[in-house]
Amino acid sequence: MANPVSVDGLTPAVSDEVGAAGAAVSRGRRGRYSLLRRQDKLVLGLMVGIPLFFDLALIWGPTVASVFLSFTDWNGIGAITGKNVIGTGNYQYLLTGYPFFWPTLEHTLIWLAFLSFIATPLGIFMAVLLDRELRGTRFYQTVFYVPVVLSLAVIGIIWTLQYAPEQGFINNVLGRTANDNLIDWYGDPSLNLWAALVATSWRHVGYIMVLYLAGLKSVDPALREAAKVDGASETQTFVRVVFPVMAPINVVVVVVTTIEALRAFDIAYIINGGKNGLELLSTLITNNSISESNRVGFGSSIAVILLLISLGPIVIFLSRTMREDRR
């Protein structure tokens, strides 16, 4: 009696042996050609896990905690119980009854607008000038970058000396050194905000200049040459060719400017504790949360408002940029 033959010409027994051998070879190949060893997986897990842990513990954890505390009247002492939960009471008082909120919000938005529309364009303009390889470019880059390596607290101290009423550099240059014509830059509520903005812009301009100059160095020179051949001026070349190509750097600049403006705290607190016309949301959070008032819940509600304001321009700009990239 003849042995039965399978469809592919092999007997069932031979076919089973071939299949088993193929499976074994496949398993061997998977094991032999694995891209990551156990040690590599451990290292990769640590490289991803440790930053993720600190990100959750130091950023998202406090953020979620602040949102929760904003619905309580907790004073930072003792455990939080059901009696501490007051719902939206902090927000209602913040928007309708707290006299410092709206002036402080106005100061914060002025700070953001000044850095966005004056300091940042000035930094971009300086980057464009230095990108033209002027004589002494390295020297100018170093001079303008020096304030970036200083903290805002140190910058606040430096500019406090410059703005000193009697012995300050600025009043001496202006000739306002007599007792009857002194300018109290930090003591006058109508001037101290603008004086502080000039001081913080001294650092911000250099920061933006370095970021944008690095981006300009990566632009393909052929694009500029093509625009020049077509008869475009330098301004037209930058606006219509270079600036669109710099879209990734533009996103970074917008995000950095927003963060720098809304987290401004050091320089305002160094000047006068964030008071007398220099109130910002950041200083208001500190003065309510960790000062003698111990209003942690109320300070957290201000922090949530600042978080929402911070996310607004960043999300809008990123969504528009991503939409244009898809097109």
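1. R37 is exposed, because its relative accessible area is 54% and the exposed class begins over 50%. This comes from a predicted model. The side chain of R37 meets that of D40 in a salt bridge, at 3.4 Å from N to O. D40 is partly exposed, with a relative accessible area of 27%. The structure holds six salt bridges.

2. **E260 and two arginines.** E260 forms a salt bridge with R203, and their closest N and O atoms are 3.2 Å apart. This pair links distant parts of the chain. E260 sits in helix α11 (residues 247-262), R203 sits in helix α8, and 57 residues separate them. Are these two residues buried or exposed? E260 is buried, at 13% relative accessibility. R203 is buried as well, with a relative accessible area of 13%. Both values are under 20%, so both residues fall in the buried class. E260 also meets R263 in a salt bridge, at 2.9 Å from N to O. R263 counts as partly exposed, at 41% relative accessibility.

3. **A salt-bridge network.** Look next at D131, K217 and R224. Salt bridges link these residues in a network.

4. **Aromatic pairs.** How many aromatic pairs does a search of the whole structure find? It finds 15. One of them joins F101 and W102: the ring centres are 5.0 Å apart and the planes stand at 75°, so the pair is edge-to-face. F101 is buried, at 2% relative accessibility. W102 is partly exposed, at 48%.

5. **Y163 with Y186.** The rings of Y163 and Y186 also make an edge-to-face pair, because their planes are at 65° and the edge-to-face class covers angles over 60 degrees. Their centres lie 5.0 Å apart.

6. **A charge over a ring.** R295 lies over the face of F298. The distance to the ring centre is 4.3 Å.

7. **A buried threonine.** T104 is in helix α4 (residues 101-130). Its relative accessible area is 1%, so T104 is buried. What does T104 touch, apart from neighbours within four places in sequence? Its contacts are E279, L280, L281 and L284.

8. A nonpolar surface patch of about 1,100 Å² includes L42, L46, I50, L52 and F53. F54, L56, L58, I59 and W60 are in the patch too. Take F53 as an example. F53 lies in helix α2 (residues 38-69). Its relative accessibility is 53%, so F53 counts as exposed.

9. Which residue has a positive phi although it is not a glycine? It is N276, with a phi of about 55°. N276 is in the loop between α12 (266-272) and α13 (281-289). N276 is partly exposed, with a relative accessible area of 36%.

Conventions
Residues are numbered from 1 along each chain as its sequence is written. This is a predicted model: local features need pLDDT of at least 70, side-chain atom pairs count only at pLDDT 80 or more; totals for chains, interfaces and linings use all residues. Side-chain values use heavy atoms; hydrogens and water are left out. Patches are made of residues with over 30% relative accessible area and no salt bridge: like charges are joined within 9 Å, nonpolar side chains (Val, Leu, Ile, Met, Phe, Trp, Tyr) within 5 Å. Accessible areas come from the Shrake-Rupley method with a 1.4 Å probe; for residues, only the protein chains shown count as cover. A salt bridge is a side-chain nitrogen of Lys or Arg within 4 Å of a carboxyl oxygen of Asp or Glu. Helices (H or I, at least four residues) and strands (E, at least two) are DSSP runs, numbered from the N terminus. Buried means under 20% relative accessible area, exposed over 50%, partly exposed in between (1.4 Å probe, protein chains only). Contact means heavy atoms within 4.5 Å. Rings of Phe, Tyr and Trp (its six-membered ring) pair if their centres lie within 6.5 Å; planes under 30 degrees apart count as stacked, over 60 as edge-to-face and the rest as tilted. A charge sits over a ring if NZ of Lys or CZ of Arg is within 6 Å of the ring centre and within 35 degrees of the ring normal.
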